[in-house]
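Hi everyone, thanks for coming.

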Amino acid sequence: MNPNWLEFEQPIADLQAKIEELHQMEVNQEVSLADEVQKLEEKSQKLTEKIFSKLSPWQITQIARHIQRPHAKDYIERIVDDFKELHGDRQFKDDGATIAGIGKIGGHPVAIIGQEKGRDTEDKVRCNFGMPRPEGYRKARRIMEMAERFKLPVITLVDTPGAYPGINAEERGQGVAIAENLAVMSRLEVPIISTVIGEGGSGGALAISVADQLMMLQYSVYSVISPEGCASILWKDAKYAEQAAEAMGLNAERLFELGLIHEVIPEPLGGAHRAADEMAETLKAKLIKHIERLKQVPIGELVEQRYEQLKSISTV
């Protein structure tokens with residue numbers, strides 16, 4: 001099984017392998033197989049559309065975790081001009097799971113905060129597999145408060161399985177760091193736009209997603225706990241993760257229906273990892289649109305609306 005394709009995508013992977021084989025035959029034998037290739041590509045397109053038209057919440061969770069899915073760093077490189085990364089929380093040290101800095105999106109100066117999982121093994125370890133420690137949340141808060149001083153909109157990219165649950169994180173005040181972020185974001189006097197680009201896990205995600213505009217990519221997830229964690233609590237066995245995902249309603253369409261997010265951003269067919277540049281352009285256009293819209297709202301009214309949104313969640 002090709003690891004770049006998920007289990008439910010294997011029929012598509014088989015067709016793509018045949019297409020690649022025909023391309024190789026064209027090169028080696030110097031013959032034209034264009035008609036055969038076109039037929040297979042059309043078949044692959046239709047099959048992909050069929051499979052992705054009826055994805056289950058568990059399959060969407062798998063896409064959100066895909067090893068090739070664009071991370072915060074990938075989007076920052078594609079959509080942010082003149083990005084200057086800032087480090088450290090001014091209390092303990094820097095946190096590799098949290099990227100923060102300033103730059104421009106469509107000519108608009110902004111502050112950027114993203115959660116990064118890393119790519120290769122060394123990078124994943126440096127980023128703690130996308131699980132921020134307290135210093136990561138404190139760094140995020142520091143950048144938010146700096147943004148407020150300089151009247152910069154705050155853009156956050158959410159992608160974490162959750163805050164790091166290790167004892168050293170607890171000793172350094174993980175819960176307090178998250179709670180302080182929620183308090184600061186609820187009253188921050190600049191526009192805040194948050195986008196869940198992969199996993200939005202528990203308080204670790206919520207700590208940078210209290211926003212005036214909360215969006216999710218089509219195949220991202222946002223929940224209070226992972227399906228495996230939920231299954232371990234309810235059924236005492238993580239093997240029931242698929243059933244848990246179905247019950248949790250963690251996918252973007254369901255959360256939009258419940259009014260817990262403001263917008264679902266469509267992904268290219270097959271997911272963002274199949275066309276990262278296209279996905280980045282779509283996200284950039286959305287961010288520019290909402291930056292320009294929110295800048296027109298009086299700041300007092302904006303903060304009040306944000307607070308009312310937070311209070312309304314308890315009634316969902």
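Let me start with a question: are Arg306 and Asp212 buried or exposed? Both of them are buried. Keep in mind that this is a predicted model.

These two residues form a salt bridge, with 2.9 Å between the closest N and O atoms. The pair links distant parts of the chain: Arg306 belongs to helix H14, residues 299-312, while Asp212 sits in the loop between helix H9 and strand S6, 94 residues apart from its partner. As background, side chains of opposite charge can pair when their charged atoms come close. In total, the structure holds 17 salt bridges.

Here is another one to find on the screen: Glu199 with Arg65, where the closest N and O atoms are 3.1 Å apart. Glu199 counts as buried, at 10% relative accessibility, whereas Arg65 is partly exposed, at 30%.

Asp123 and Arg126 both lie in helix H5, residues 121-126, and are 3 residues apart, about one turn of the helix. Their side chains meet in a salt bridge of 2.9 Å, N to O. Asp123 is buried, with a relative accessible area of 15%, and Arg126 is partly exposed, with 46%.

That's my tour. Which of these pairs would you like to see again?

Technical notes:
Residues numbered from 1 in each chain as written. Predicted model: local features only at pLDDT ≥ 70, side-chain atom pairs only at ≥ 80, totals over all residues. Heavy atoms only, no water. Salt bridge = Lys/Arg side-chain N within 4 Å of Asp/Glu carboxyl O. Buried < 20%, exposed > 50% of the residue type's maximum accessible area, 1.4 Å probe, protein only. Helix = DSSP H or I, 4+ residues; strand = E, 2+ residues; numbered from the N terminus.
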